[in-house]
Amino acid sequence: MLEKKYLYNKGISYRNFFVCPIQLPNGYTYRCFRHQDDPESQLGSGLFVSISEALEAGTKYLDREWQYRNEISHYEKLLETQAISTEEYHSSKCSLDQVIWGLS
């Protein structure tokens with residue numbers, strides 16, 4: 001098992017999250033935490049050469065997540081008001097997944 005060290009004193013607050021760099025034997029990654037009452041956290045993906053690169057990746061992830069949630073909520077409102085069909089909603093969601101996350 002990889003030994004990881006959370007570098008809390010090097011972390012930053014961003015979009016109501018705390019982005020904490022994690023030191024691994026071969027580089028750095030990050031984890032995004034919400035406040036204590038909310039168990040939601042996101043472990044970073046990727047291995048980075050420096051703490052600053054890991055923090056930048058964490059903030060970019062949070063930017064994409066925010067954009068995704070904002071766009072999805074718009075499509076959900078359109079679906080609720082029947083301005084779009086279920087098929088149009090799913091098509092838009094798939095397109096959004098491709099654009100923001102690179103999923104196919």
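Predicted model: local features only at pLDDT ≥ 70, side-chain atom pairs only at ≥ 80, totals over all residues.
Trainee: Why are H1 and H2 called roughly antiparallel to each other?

Mentor: Helix H1, residues 51-80, packs against helix H2, residues 86-101, at an angle of about 170°, and because angles over 145 degrees count as roughly antiparallel, H1 and H2 are given that name. Their axes lie 10 Å apart.

Trainee: Which residues make the contact, and what classes do they belong to?

Mentor: From H1 the contact includes Tyr61, Glu65, Tyr68 and Ile72, while H2 contributes, among them, Lys93, Leu96 and Asp97. Sorted by class, the contact of H1 with H2 has nine nonpolar, three polar and six charged residues.

Trainee: How many salt bridges does a search of the whole structure find, and what makes the pair of Asp63 and Arg15 one of them?

Mentor: The search finds four salt bridges. For Asp63 and Arg15, the closest N and O atoms are 2.8 Å apart, and since the cut-off is a side-chain nitrogen of Lys or Arg within 4 Å of a carboxyl oxygen of Asp or Glu, the pair qualifies as a salt bridge. Asp63 lies in helix H1, whereas Arg15 lies in the loop between strand E2 (12-14) and strand E3 (17-24), so the pair ties together parts that are 48 residues apart in sequence.

Trainee: Where do Arg69 and Glu65 lie, and which words describe their accessibility?

Mentor: Arg69 and Glu65 both lie in helix H1, four residues apart, and their side chains meet in a salt bridge with an N to O distance of 2.4 Å. Arg69, with a relative accessible area of 42%, is partly exposed, while Glu65, at 16% relative accessibility, counts as buried.

Trainee: Which residues make up the largest nonpolar core, and what gives the most to this core?

Mentor: The largest nonpolar core has 12 residues in all, including Leu7, Phe17, Val19, Tyr30, Phe48 and Ala57. E3, strand E4 (27-33) and H1 each supply at least two residues of this core, and H1 gives the most, with five. A second, separate core of six residues includes Tyr68, Ile72, Ile84 and Leu96.

Trainee: What is noted about the phi of Asn16, and why is Asn16 called exposed?

Mentor: Most residues other than glycine have a negative phi. Asn16 is not a glycine, yet its phi is positive, about 65°. Asn16 lies in the loop between E2 and E3, and because 68% relative accessibility is over 50%, Asn16 counts as exposed.

Trainee: Where is Gln82 found, and what makes Gln82 count as exposed?

Mentor: Gln82 is found in the loop between H1 and H2, and its phi, near 60°, is also a positive value in a residue other than glycine. At 70% relative accessibility, over the 50% cut-off, Gln82 counts as exposed.

Note on methods: Residues numbered from 1 in each chain as written. Heavy atoms only, no water. Axes fitted to C-alpha atoms, helices over the stretch in contact; angles between N-to-C directions. Parallel < 35°, antiparallel > 145°, perpendicular 65-115°, else oblique. Contact = heavy atoms within 4.5 Å. Nonpolar A, V, L, I, M, F, W, Y, C, P; charged D, E, K, R; others polar. Buried < 20%, exposed > 50% of the residue type's maximum accessible area, 1.4 Å probe, protein only. Core = buried A, V, L, I, M, F, W, Y, C linked by side-chain atoms within 4.5 Å.
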